[in-house]
Amino acid sequence: MIRSALLIAKKDLYSELKTKQVLATMIIFAGLVILVFSFAFDPANNTTKAVIPGVIWVIIVFSGILGLNRSFISEQRNDTMQGLMIAPMDASSIFLGKFLANFSMMLVVELVSLPFLFLLFDFQMYGGFGYLILVLMIGSFGFISIGTFLAALAANSKSSEMLLPLLLFPVTSPILIGAVQATKIILTNIEKLSSAMAWIQLISAYDVIFFVLCFILIENVLEV
Amino acid sequence: MIEISKLIKKADNKLILRGIDLKIGKGETVAILGPNGAGKSTLLKVLATLIKPTSGLVKINGLELRNNQMKIKKLQGYLPHSSLLYEHYSPLENLVFFGNLYGIKNAEEKAVELVKEVGLSFFLNEPVKNFSRGMIQRIAIARAIIHEPPLLLLDEPHTGLDQGAISILNNVILSMKAKGTTTLMVTHDFKQAADICDRIVIIKNGKVADDFRMEEKALDTVSEKYQLQVEGVS
């Protein structure tokens with residue numbers, strides 16, 4: 001199962017390397033968000049720092065949706081999804097492969113855009129860098145795993161690009177609330193780390209439950 | 001090789017397959033003929049494990065379809081209407097990817113060999129999106145047979161091909177037959193069915209209407225029997 005999933009993830013990432021469609025769009029979007037927010041809020045003003053956690057998750061959520069939307073729609077051309085379905089592997093391998101590819105692309109976007117955000121907002125971090133990475137990882141993990149599952153579900157609909165955000169936001173809202181709150185505490189008030197840890201625990205539990213659920217239910221979603 | 005008993009498939013309260021009974025022996029090349037909407041492609045999709053039957057029993061190589069999907073998938077090569085190929089990938093990249101998914105050893109060597117066999121060696125590293133319909137179909141058949149399956153399921157493989165491509169496709173099917181591969185081919189092309197198949201099954205309204213062996217490459221017999229069953233002309 002892992003081998004097939006890695007093959008699919010490698011195929012998707014190599015595909016992206018060739019076409020440069022999704023990742024480029026995601027990075028451009030993230031750059032635009034940062035630029036617009038930097039015009040709107042004065043980096044010299046201390047209250048601006050309170051906006052940064054929100055901006056981080058706006059970037060992750062909206063650029064993530066751009067990638068998720070393409071994830072399964074790209075398999076509709078020439079019915080390549082059927083090619084994956086008839087191969088000797090479980091549907092969960094397809095989910096895992098797609099998840100790995102989406103998650104990797106999300107991490108690349110975060111790696112490129114967040115230093116740019118901190119630079120433009122002249123934001124100094126005093127400790128808690130490890131915790132920030134942890135929140136970003138588990139928050140993105142939950143968002144992308146649920147998003148990958150719902151992208152598979154929405155791909156069969158004619159208006160999938162509209163349907164995916166409608167399905168995704170209600171289901172991932174606990175992750176997003178937790179992630180924004182935890183990021184806010186880590187970036188602006190590290191003394192209250194225990195509160196951030198409570199949010200992190202909530203996100204982790206949610207991640208595990210929904211990842212397992214998606215893993216089990218994907219077979220019913222992918223049936224032709 | 002294939003045993004189908006009382007196979008029923010219902011979709012949106014509409015019966016598509018209404019109790020198909022069919023036995024196909026190992027090494028047989030069988031053409032499935034029938035009018036549009038008769039259920040031919042649905043039958044192939046059920047065999048390819050793409051859709052689940054509503055009821056009935058399907059056994060492939062003695063394995064029950066419902067409980068042995070993974071083993072059955074390894075036995076099959078499926079070629080539907082679409083090519084199932086990634087457009088921005090070259091034939092080599094497509095075949096190596098699918099070869100690796102099927103767990104074959106030396107996937108690259110095998111891919112190069114197959115591309116040569118279908119006469120497209122010169123285009124080995126060109127993206128598939130630049131190919132004509134005939135060239136795509138040749139790579140698609142190479143994809144379907146990369147793991148040397150003992151069962152080939154072909155859905156209208158000759159549609160839109162020029163004479164050269166038809167001849168290459170038929171040679172591939174016949175060379176697979178020589179190796180003992182069982183082939184099930186849905187087609188509207190009576191000539192190709194008469195040329196390469198040794199048995200014809202006519203499906204009408206989701207049921208087997210006729211099932212006969214081809215003694216010689218008698219195109220007239222196929223046409224007559226088809227007209228009798230489907231159009232009611234004797």
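Helices (H or I, at least four residues) and strands (E, at least two) are taken as DSSP runs, numbered from the N terminus. The model is a predicted one, in which local features need pLDDT of at least 70, side-chain atom pairs count only at pLDDT 80 or more, and totals for chains, interfaces and linings use all residues. Residues are numbered from 1 along each chain as its sequence is written, and side-chain values use heavy atoms, with hydrogens and water left out.

In chain A, α2 (22–40) and α5 (91–120) each supply at least two residues of a nonpolar patch, and four residues, the largest share, come from α2(A). A:L120, which lies in helix α5 of chain A, is partly exposed at 31% relative accessibility, where buried means under 20% relative accessible area, exposed over 50%, and partly exposed in between (1.4 Å probe, protein chains only).

In chain B, strand β8 (residues 182–186) is mostly covered, with five of its five residues buried. In a regular strand the side chains alternate between the two faces of the sheet. For β8(B), B:T182, B:L184 and B:V186 are buried on one side, and B:T183 and B:M185 are buried on the other. Strand β3 (residues 29–33) of chain B pairs with β8(B) in the parallel sense over four bridges, pairing being assigned if DSSP finds at least two bridges between two strands. Strand β7 (residues 151–155) of chain B also runs parallel to β8(B), joined by five bridges. The residue B:T183 is the bridge partner of B:T29 and stands opposite B:L152.

Technical notes:
Chains lettered and ligands numbered in written order.
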